[in-house]
Every structure is written in C-alpha cells, then in structure tokens.
Amino acid sequence: MNFLEFANPSGWWWLALAIPVLLLYILKIRLRRQQVPTLLFWDQLFDEKKPRAWWQRLRHLLSLLLQFAFLALVVSALVDPLWSWQREQARRIVLVVDNSASMRAAEAEGTTRLDEAKQAAASLVQSLRSEDRMAVLSTAGRPEVVIGMTDHQRSLLDAISGIPATDGPTAVAAAVTAAERLLADYEHGEILVITDGCFDDLEALKANPRVTLYGVGSNQDNVAITRYQVRRSLLDAVGYQVLIDVTNFSDSEKQCRVELTLGEELVDVLPLDLKPGETVSRFVDHTSATGGELHAKLDVLDALGTDNHALAVLPERMPVRVQLVTQGNLFLKGVLESIPLVDLQITSEAPSVAPPGGILVLDKFVPAQLPSGRVVVVDPQTATDAWTLGEPLAQPIVAKVDKQSPLVQHVRLDNVLFPGARQMTFTGEAEPLIQDPLDGPLFARLKRPGGDAVVLACNLEQGDLPLRIAFPVLMKNTIEWFQGNTGELRPAMTTGEMLAVDVSTVRDGQLAAPTESVMPTSEVVQVQAVEEANKQAAQPLELVSPSRQITPLARTGEQVTLGPLLETGLWTVRPASSASGRPELTPTATKSEGDETNVESDIFIACNLVDPAESDLRPRGELEVVQGRSLAILGGQSLWFYLTLVAALLIAGEWWLYQRRIVG
Amino acid sequence: MALFDSEFLKRLEYLSLVSRRVFRGRLLAQRRTKQLGGGIEFADHREYSPGDDLRYLDWNIYARYGDVLLKRFQEEEDLHVYFLIDVSRSMSHGSGEKFDYARRVAAALAYIALADMDRVSMFAYSDAVTEMLPLTRGKDRILSVLRFLENLKPSGATTRLQAAATSLVHRTSRSGLVIVLSDLYDQQGFRAGLDMLRYRRFEPHVIQLHTAQEANPTWLGDIELEDSESGDLRKLTITERKLRQYRELFTEFLESIDSYCRMYSLSCTRTTTDLPFDELILRMMRTAGVTT
C-alpha cells in the first residue's frame with residue numbers, strides 16, 4: 001500500500017527549472033568589477049569587521065541551497081501529494097442553496113439574498129480540500145440536484161453561479177431529506193444549508209446534527225398580496241368578482257394602494273391602511289364581457305417586488321347566437337335583445353336544427369319534428385314528436401315552482417296568469433319547473449339526446465307575464481343556463497403548486513370545438529368527432545413560461561400535469577407545432593377576420609406568489625454567518641498547502657539574507 | 001581639448017591681476033622673511049646695546065622720552081616656491097580629472113609666483129620623484145613651466161610623499177614654500193613627508209584633491225574592487241551600512257588632514273574637482289596662509 005500518492009505526477013518535470021536557477025547563480029557569482037583610486041579605506045573598513053562565523057562565509061552557497069529547496073517544495077506542491085490517511089478522511093458534503101422567492105429580496109448595495117448566498121457558497125467551495133467532494137442542491141418548489149458529487153471546484157463554482165432566482169416556495173426540509181439520501185453511504189457526510197431562514201421548520205432543521213445552517217440577508221419589511229382570485233359572477237353573465245388579501249409583514253404601519261387593471265383599462269384603486277402584521281381582504285365586483293388578464297399592483301416600495309404583483313385570468317364571455325322564429329312577438333324580441341351577450345337573429349321559418357353553439361327560440365309555431373340542439377319554445381300551438389297538446393288549462397295560474405332549478409331562480413310569479421296554456425303530455429323525459437294547481441306543466445325542461453329544450457306554455461299577448469319583472473328574469477336564466485358558464489372560475493395558481501389541466505380544447509390550425517355539451521346527431525359528425533379526438537391525443541403540447549421559455553409537456557389522455565411552476569406571471573399551454581409562425585396572443589387578444597389559426601384554444605394559467613411564508617422576510621431564528629474559508633481547518637489541509645507554506649518561508653529567508661547582504 | 005589652452009592663459013592673467021589688486025602687492029614676492037636685517041621697512045624697537053650702529057638710533061624717541069632705543073628693519077629676500085605634484089595612478093583614476101585639475105592649479109599658482117618675481121621649482125612624484133623642473137624665475141618662464149606640466153604622465157605603483165619630500169630637501173639649497181598637490185592616498189601615511197619638510201624649515205601648504213565619487217560611492221551588492229595603483233583586487237559585498245561606514249571613514253581622513261595642518265600651523269585646502277580651479281585660487285588667496 002502506498003502511503004503517499006501524487007495526484008499530478010507530471011508536475012515533477014518542473015524540477016528542470018533547477019538548471020536555469022543554477023545558471024543564474026553562476027552568472028551571479030561572476031562579480032562586476034569596479035576600479036577605485038585606492039583600497040585604503042575599503043581594506044580598513046572590511047578588516048575591522050571580518051566575518052565572525054564560518055557560516056557567514058557560506059551565505060552565497062546557502063542562498064543557492066535555499067533556492068533549490070524552494071523549487072523542490074513548489075514542485076512537490078504541484079504534484080499534489082496525498083497521504084493515505086487523508087484520502088480515508090475525505091469529506092462528503094451536500095450544499096443546499098435556498099433559491100426560493102424570499103431569496104430575491106433586495107439587500108444593501110443592490111444585491112439580493114441569492115447573490116449573497118452564492119458568494120457564501122463559493123467561499124465554502126474554495127475552502128474544500130482536494131480530496132473532499134461536494135454536491136449542490138437548490139430548494140425552490142422542490143429539491144433539485146444542481147450538480148452531483150464532485151471534487152472539481154470549477155464545476156461546482158459554475159453550477160452555483162448558474163442557480164436561478166425563482167418565485168417558488170422554500171423546500172429546504174425536502175432538500176435536506178434528499179441530501180440525506182445522497183449521503184446515505186457516507187457515515188460522516190455533512191449537509192450545509194445556505195438560506196435566509198424564512199421558513200417555519202427552521203428549528204427542526206437546526207436540531208439535525210448533520211445539518212449546518214448558514215444565514216444570509218437581514219430583517220426586511222415587506223407588504224405583499226397574499227391572496228388573489230377572480231371569477232365570473234354567479235348572478236351576472238358579464239360580471240366578475242375579485243378577492244384580494246394584502247398583508248403587512250413588518251413591525252410598522254404601512255399605507256399603500258392596490259391598482260386593479262384589466263388589460264390596459266384601470267378597474268379600481270383600493271387604498272389600504274395596514275397595521276403591523278395585519279391582513280386586509282377586499283372584494284371587488286365589476287363587469288366585463290371581454291375578460292383577459294386582471295392585474296393587481298401593490299403601490300409600495302419594499303424589499304421584495306414579486307409579491308407586489310398578482311395576475312388572474314378572467315374568462316371571456318363569447319356572444320351567444322339566438323335565432324328567434326316568430327311572426328312578430330315584440331315582447332319576446334324586446335326581452336331577448338335586453339339580455340347581455342345575445343346575438344339575436346329573427347326569422348319567420350323554423351330551421352331543422354338549432355344554430356351551432358346557439359339557441360333557437362320558437363314562438364307559437366313548432367315543426368312536427370322538434371329541431372335538434374338547444375331550443376326554447378314559447379306558447380306552442382301544435383304537437384310535436386316531443387309532446388302532445390290537450391285541452392286548455394282551466395286555471396292557468398302558478399301553483400308550484402321548482403326553486404332548486406337555476407332556470408327559475410329569482411323568479412317571483414305570485415298571482416301571475418299563464419293564459420293560453422294547454423295541457424301538455426311529454427313523450428320523453430321532462431322536468432316540470434312551473435305547474436298549475438292540477439300539476440299541468442307551464443314551464444318545463446325536456447331532456448333530449450340532441451340537446452335540451454325548454455317549453456313555456458303561455459300566450460304572452462293575452463296575459464300580464466311580459467309586464468312582470470319575472471319574464472325577463474326567466475328568459476335571462478334560460479339563456480344563461482344554456483350557456484352553462486355562470487360563475488366560471490379559472491383559479492390562479494400559487495408558485496410551487498401542481499395542477500392537472502384538461503387540454504382537450506387545445507387545438508392547432510382550426511377553431512376549437514364548443515366546450516359545451518353539444519352532441520351532434522348525424523353519424524358523419526360523430527365520425528369526425530372521433531377522428532378529431534384521436535388527432536388531439538397525438539398532438540404534442542408545450543408549456544410557455546412568462547419569460548418565454550418553452551418546455552415540452554407529457555400528455556396523458558386529455559390531461560397534462562403542470563408544476564411546480566416557479567415563475568410568477570402568465571403561463572401558456574399550447575400545441576408544440578405552434579412554436580413558430582404564430583402570433584403570441586394573450587387571453588385578451590382577438591382573432592382577425594378570416595384567421596383560421598386558433599389561439600383561443602390555448603390555455604392560460606396565472607401564477608402568483610401569494611405565499612405569506614415567502615413574503616415574510618423576517619428570519620425565524622438565529623443563523624450562523626459564513627466566514628471566509630469556513631471549511632479550511634488547521635491540520636486538515638492538503639500536503640501541498642504546507643509545502644507551499646514552507647516554500648514561502650524559504651523565500652522570506654532568502655529575502656532576509658539578501659537584506660543582510662545588500663541593504664544591511 | 002589641450003590642458004593649457006588660450007582660455008586657460010587668459011584666466012591666469014586675470015588671476016594675476018586680481019591678486020595684485022586684492023592684496024596690494026603683498027603677495028608671494030613681497031612676502032617678508034622672518035629675518036630682521038637691512039631692509040627699509042620698520043619692524044620694531046629694542047634697547048640700545050653698546051656697539052650698535054648709531055645710524056639706527058631713534059632720535060625722536062630719545063628727544064621726547066629720553067629712552068635710547070634702536071630701530072629694527074625687516075630684511076627682504078626672494079621667495080622660493082616648490083611644487084610637489086602627485087602623479088601616481090590614483091590621481092588619474094577614471095577620466096583623469098583629478099590629475100588635470102592638479103596641473104591646472106599648479107600652473108596658476110606658478111604663474112602668480114613668477115609674475116611676482118618669485119623662484120619656482122616643480123617636482124612630480126609617485127613612489128619617488130619622477131620629474132623635476134629646476135628653479136626658475138621671471139614671468140617669461142611660464143611657458144616652460146606649462147610645458148613641464150603638460151608632459152607629466154601618471155606613473156608608479158604606490159604613493160610615497162616621504163620619499164618625494166626627502167628628495168626635494170636634498171636637491172634644494174634654500175627652504176621655501178612647498179605646495180603639495182595630491183589626493184594624499186599614501187599607503188605609508190602623508191604625515192611623514194610633511195614632517196620632513198617642516199623639520200627642514202620648509203613651509204608646506206597642502207592642497208588635497210578628491211572627486212565626489214570618491215567621497216560618496218554608490219555601488220551596492222557583490223562587487224570586485226580594483227586598486228588603480230597596485231592592481232590589487234578585493235571581492236566585497238557592499239551594503240548600505242558599509243557605504244555609511246565608508247563615508248564616515250573618508251570624512252575622518254579629511255578631518256585628519258585638517259587637524260594635522262592646524263596642529264603645525266600649516267595651511268591646507270581641500271577641494272573636489274567639481275569646483276573650477278580659478279575659484280579655488282581666489283579662495284586660497286582670500287584665506288590667510290599661503291598668501292599672507
């Protein structure tokens with residue numbers, strides 16, 4: 001067994017430098033000659049103080065020997081000798097660098113906590129001994145191995161400098177667990193964590209004997225948006241509601257404002273007065289048919305800027321095409337025109353099928369074959385395949401209302417007559433929603449495979465129903481029920497969360513199919529739908545980050561799993577083939593006339609920090625500060641270090657001899 | 001450039017004129033001897049003794065005070081000026097500036113002496129007298145003096161002032177002023193030579209010459225020094241401390257010359273070759289010693 005090994009045996013070639021050293025020495029002892037008028041004084045001077053010791057006569061030779069010794073030591077350091085016991089005591093270290101959102105907090109002199117952490121990590125790497133090995137983990141969202149176990153300091157430094165700043169939550173505990181798995185084979189492995197201490201299980205980590213926690217950053221004040229969601233109103237098709245929480249993570253009172261903007265349009269400004277530690281919640285109701293990106297901006301100057309912004313996607317309301325077949329019912333025309341988002345078309349002849357994605361309203365005249373699709377029938381005068389008509393009802397007043405149904409929500413029908421109503425017998429499954437005292441249906445929903453139908457048995461021109469508030473409410477409920485998107489919510493994600501997204505609507509090159517449950521009746525259409533579904537399944541998808549970085553997505557059926565997302569902003573799921581040649585559109589972008597390229601089917605996901613743990617920039621405990629070369633322990637250095645040290649001492653000795661000889 | 005060119009001769013004439021005006025004719029030729037005798041200039045009185053020449057009795061004193069005093073007069077005679085010029089190799093070290101300087105100073109002083117009708121003789125020496133100019137008088141002899149000086153060559157392996165002084169004493173019949181022009185780097189010591197001259201009633205005047213480099217060398221480190229006279233070599237390591245000690249030693253040497261001359265009332269002039277020779281002559285004339 002070799003007790004001494006050399007990491008770089010080719011370094012011995014440097015010993016050849018002894019030859020020029022010797023040549024220079026020989027040249028040096030050939031003294032320059034100087035003529036003087038007399039040697040009287042020089043003899044007198046040097047005869048007085050002759051060298052008193054024998055070694056003083058050897059000072060020149062000693063100088064040469066010192067130079068040889070210096071060269072030998074430097075060459076010995078270059079070949080990097082390593083004792084066997086040093087190799088056995090090599091350390092294994094896992095360095096965990098916290099790059100969560102709180103590490104983006106600005107510190108003095110324009111640096112961030114992550115910058116300080118990288119500097120501290122670099123100093124730890126530089127203090128490694130040559131036989132030590134280190135791995136580096138980052139902790140944003142989930143533990144990630146930045147670089148595996150290596151003793152190559154340049155690679156470690158490059159890996160550390162490449163650790164990105166993220167908006168993700170701290171996962172130090174998970175990273176320590178991963179580090180322990182990495183060190184499972186090493187009994188004396190060490191885990192070094194560089195963090196700002198802004199997470200809750202700090203004390204538990206401190207108790208772990210293998211873990212050494214190093215702190216960066218200082219105690220900072222911060223005001224943050226800690227919750228932000230938007231959804232469509234339950235009552236109003238074009239309305240929406242915003243929920244926003246703002247928290248003051250400081251020890252002093254703060255005053256600020258929250259500005260809400262929808263696209264380029266300012267929606268609201270909320271002034272806030274926050275006490276220390278207080279969280280204020282605000283609800284905002286507003287209306288917009290277009291939808292888009294709803295930004296919240298906190299007007300405050302603090303250490304962390306990421307949590308002063310939040311974003312949500314407001315679903316767009318598409319106009320619904322309503323075809324009214326009537327011979328001139330002004331009541332019906334007027335009420336349909338008053339409903340938001342209704343694109344009304346009036347005809348006199350009934351089509352065989354309802355408009356695609358739209359609603360067909362039939363006034364009095366109904367074909368024998370009730371058209372497929374979503375159909376509303378008012379005052380039917382003839383029997384169809386869906387019902388038969390009987391005698392007129394004796395007492396067409398409202399006796400029973402199914403208040404659970406959304407179709408009759410907020411509809412008050414006290415003392416309202418339904419003149420002209422006749423006894424109806426439905427051939428299929430029907431759900432009477434308003435009935436007379438004898439259980440005759442006045443307003444009913446028919447469940448059909450080709451699309452539901454709603455029947456209102458009432459002659460509008462004879463009764464007072466059109467004059468009541470209940471009538472427009474009833475029609476609005478019906479139209480919105482058919483649209484089926486009341487109260488729609490596209491939740492904004494929190495950084496670090498996982499999300500399963502239904503990507504069945506994501507298409508490339510053609511318009512997306514309606515998301516509503518429109519079931520085509522013809523077989524041709526069914527075949528087309530199956531082919532389209534197969535095409536969708538084969539279509540690769542990609543995820544575009546707010547900073548325009550593209551990641552391919554693994555698709556399993558109609559769902560993809562996203563996350564953890566580590567960047568705040570708007571993420572997009574889109575077909576992979578759309579990476580080039582397609583305009584980048586936002587949820588508010590509009591499609592030009594005749595543009596068949598489909599961007600409306602892209603899925604937009606808002607991602608915000610909204611994490612009180614990350615926004616609270618006050619460390620949860622005392623942490624040790626990294627000192628320069630913390631890992632360099634006396635006696636633990638490589639042999640070359642001591643060789644170089646001795647060489648430096650020899651240089652100092654040679655310098656001292658020179659001073660003695662020349663300067664005196 | 002020739003050692004004694006026309007410019008040099010003009011300077012000599014100038015020095016001669018300046019010396020007369022400044023010292024009112026009391027220069028070398030009019031320098032009084034210490035013998036009292038038949039001169040015309042009154043020296044002092046003494047008591048009359050029987051047998052004295054009554055022509056020198058001061059009758060005015062006798063008439064006024066009744067004292068019989070005899071007037072004494074100083075006897076005048078020509079002054080002999082000898083030059084001892086060091087021509088050893090130490091004087092010609094380097095570019096020989098010290099040697100040239102010594103010859104120019106000798107020429108200037110000789111010119112002044114000849115102009116005042118003094119007798120001038122020159123001896124060139126190193127380890128012994130190598131060249132000699134016999135006693136000469138009259139201003140018209142200046143050319144032979146200059147020729148003698150111009151023909152001098154550095155020679156000799158050592159410097160021995162005592163040998164030169166002995167030779168001078170033996171070759172001259174009358175005492176006089178001896179101007180020694182040398183760096184005084186005498187291995188045997190310069191004192192013995194000057195003592196010899198003093199004992200033989202010569203009046204030595206020492207002009208010590210050295211260069212700035214000799215007074216303040218700047219070499220550092222390991223060096224081999226060569227003696228310009230003997231060719232001996234010394235391998236030395238010169239440090240700042242050694243340089244300081246050298247300067248102290250050299251200063252002590254110069255001070256020892258001064259103290260020797262003071263002790264025996266000799267005049268002494270020390271100079272570096274940086275000083276123009278005519279400035280040196282004027283400085284010498286202004287000081288008591290050689291010129292008074």
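Reply: Happy to! In chain A, 36% of the 664 residues count as buried; a residue is buried if 20 or more other C-beta atoms, placed from the backbone, lie within 10 Å of its own, exposed if 12 or fewer do, and partly exposed in between. This is a predicted model, in which local features need pLDDT of at least 70 and side-chain atom pairs count only at pLDDT 80 or more, while totals for chains, interfaces and linings use all residues. Residues are numbered from 1 along each chain as its sequence is written, with chains lettered from A and ligands numbered from 1 in the order in which they are written.

The secondary structure of chain A amounts to 14 helices and 34 strands. These are DSSP runs numbered from the N terminus, helices being H or I with at least four residues and strands E with at least two.

Now for the part to look at closely: the side of chain A that touches chain B. Here 19 residues of chain A are in contact with 30 residues of chain B, where contact means that two C-beta atoms, placed from the backbone, lie within 7 Å. In chain A, strand E2 (32–36), helix H2 (40–48) and helix H14 (639–663) each supply at least two residues of this side. H2(A) gives the most, with six residues. By class, this side of chain A has eleven nonpolar, five polar and three charged residues. Nonpolar means Ala, Val, Leu, Ile, Met, Phe, Trp, Tyr, Cys and Pro; charged means Asp, Glu, Lys and Arg; the others, Gly among them, are polar.

E2(A) also pairs across the two chains: five bridges join E2(A) to strand E9 (residues 221–227) of chain B, and the two strands run parallel. Strands pair if DSSP finds at least two bridges between them. One residue pair to find on screen is A:Arg33, whose bridge partner in E9(B) is B:Glu224.

Beyond its neighbours within four places in sequence, A:Leu341 is in contact with A:Ala237, A:Val238, A:Ala289, A:Arg317, A:Pro319 and A:Val320. A:Arg321 is 20 residues from A:Leu341 in sequence, with 8.5 Å between their C-alpha atoms.
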